[in-house]
Amino acid sequence: MPDAVVVTEDLKKYFPSRNGPVKAVDGVNLEVFPGEIFGFLGPNGAGKTTTLRILTTLVKADSGAATIAGFDVLREPGDVRRNIGYVGQAGGADRPATGRENLILQGRLYDMTLQQAKERAAELIAALDLTEFADRIAHTYSGGQLRRLDVALGIMHRPKVLFLDEPTTGLDPQNRANLWIQIGKLRDMGVTVFLTTHYLEEADTLSDRLAIMDHGKIVAEGTPTELKKLVAGDTISVGLMDDRKNAAIAALLAQKPYVRDFTVDDCHLRIVVEEGSKVMPELLRLFDQESIEVATITLAVPTLDDVFLKQTGRTLRDTESAGGEQG
Ligand SMILES: Nc1ncnc2c1ncn2[C@@H]1O[C@H](COP(=O)(O)OP(=O)(O)O)[C@@H](O)[C@H]1O
Ligand SMILES: [Mg+2]
């Protein structure tokens with residue numbers, strides 16, 4: 001395994017408040033490796049932005065340590081900044097200039113010559129599909145176009161790590177999917193990406209590895225597949241035509257080695273199994289043999305929300321629909 005490009009050790013940041021300290025970051029340990037897309041998933045207020053702001057030298061941790069590309073965020077902030085790109089929740093494009101001009105200016109701020117900046121801008125405009133709007137004034141851009149420009153701005157100076165804070169918040173599903181493609185391309189360019197999100201699908205789709213954060217702490221960490229394996233198994237839901245055979249069904253299911261758990265309730269069966277796609281045809285054959293009439297059958301595989309539920313007792317969808325505080 002190569003050396004981690006982001007390392008944190010017991011990072012803490014508390015904010016004072018009238019009701020006692022808010023433990024925004026409460027002992028975070030993590031490692032991000034070169035070339036991976038690392039996701040930080042958690043509800044609003046979990047501490048994602050504060051962690052990112054510590055790593056990007058914008059906020060000082062109360063205690064603990066963090067290094068980026070081997071440089072200490074506290075003692076070597078200049079070296080850290082040269083090695084990172086950061087796209088905050090608000091974005092950083094300068095609206096009265098064109099996308100291309102924004103990129104060239106960014107390059108100049110990082111000490112590129114005008115020629116180098118122009119070349120790099122052209123390269124990124126092509127690579128990230130900005131050609132269509134690159135020479136328009138940025139204040140005419142759609143939300144999705146602005147985010148794509150922000151991402152390009154973030155990697156203009158070829159940073160080792162790009163930090164993206166909630167890159168797709170506020171975008172419609174189509175623009176979100178489009179930005180996912182652009183972020184995927186960063187992986188191909190060899191940029192390490194550290195992104196935060198409160199969207200389950202985003203963390204699942206984009207992350208090579210992710211950490212789930214809640215109340216300032218990491219509650220689970222791994223690849224999306226590893227994390228989903230923490231959850232009990234797949235769930236098969238069966239709607240029955242009638243409930244006359246429920247007792248017989250319960251007796252049948254209890255005998256089957258592949259059934260981990262089940263409930264029988266009126267005309268509804270809920271069956272937990274290891275591998276739903278293998279068990280489903282077998283169950284259908286069994287019901288057919290026993291003349292049990294099935295109205296509907298669906299398979300649900302675990303999601304990251306099930307992982308969040310298992311680790312915290314709440315669901316991310318709940319915290320999302322409840323609004324939550326905005327960080
Ligand atoms: N500057 C600040 N002053 C006081 N409290 C803050 C400050 N920044 C963040 N917090 C609090 O810290 C917690 C974590 O916030 P944040 O890191 O923004 O979470 P997230 O990005 O996961 O939504 C929240 O309870 C938030 O209200
Ligand atoms: Mg945030």
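A: Four strands form an open sheet in the order β12-β13-β11-β14, with antiparallel pairing (strands are DSSP runs of E of at least two residues, helices runs of H or I of at least four, numbered from the N terminus; two strands pair if DSSP finds at least two bridges between them). The edge positions belong to β12 (259-265) and β14 (294-300); each has a single partner strand, so one side of each is left without a neighbour in the sheet. On average, neighbouring strands of this sheet are turned by 15° against each other, direction ignored (angles run from 0 to 180 degrees between N-to-C directions, and axes are lines fitted to C-alpha atoms, for helices over the stretch in contact).

The model is predicted: local features need pLDDT of at least 70 and side-chain atom pairs count only at pLDDT 80 or more, whereas totals for chains, interfaces and linings use all residues. Residues are numbered from 1 along each chain as its sequence is written, while chains are lettered from A and ligands numbered from 1 in the order in which they are written.

Helix α9 (residues 246-255) touches β12 and β13 (268-273), and its direction makes about 175° with that of β12 (contact requires C-beta atoms, placed from the backbone, within 7 Å). Helix α10 (residues 276-289) touches β11, β13 and β14, with its direction at about 165° to that of β14.

Helix α3 (residues 99-109) packs against helix α5 (residues 143-155) at about 20°, the axes being 9 Å apart. The two are therefore roughly parallel to each other (under 35 degrees; over 145 is roughly antiparallel, 65 to 115 roughly perpendicular and the rest oblique). In this contact G99, N102, L103 and Q106 of α3 meet L149, A152 and L153 of α5. Four of the contact residues are nonpolar, three polar and none charged (nonpolar: Ala, Val, Leu, Ile, Met, Phe, Trp, Tyr, Cys and Pro; charged: Asp, Glu, Lys and Arg; polar: the others, Gly among them).

Helix α3 also packs with helix α4 (residues 114-127), at an angle of about 130° and with axes 8 Å apart. That angle makes α3 oblique to α4. The contact involves residues of α3 including R100, L103 and R108, and residues of α4 including L114, K118 and L124. Its residues divide into seven nonpolar, two polar and four charged.

Helix α5, in turn, meets helix α6 (residues 173-188): their axes come within 9 Å and cross at roughly 15°. This makes α5 roughly parallel to α6. Among the residues in contact are G143, R147 and V151 in α5, and N175, L179 and L186 in α6. Five residues of the contact of α5 with α6 are nonpolar, five polar and two charged.

Conventions: Two residues are in contact if their C-beta atoms, placed from the backbone, lie within 7 Å.
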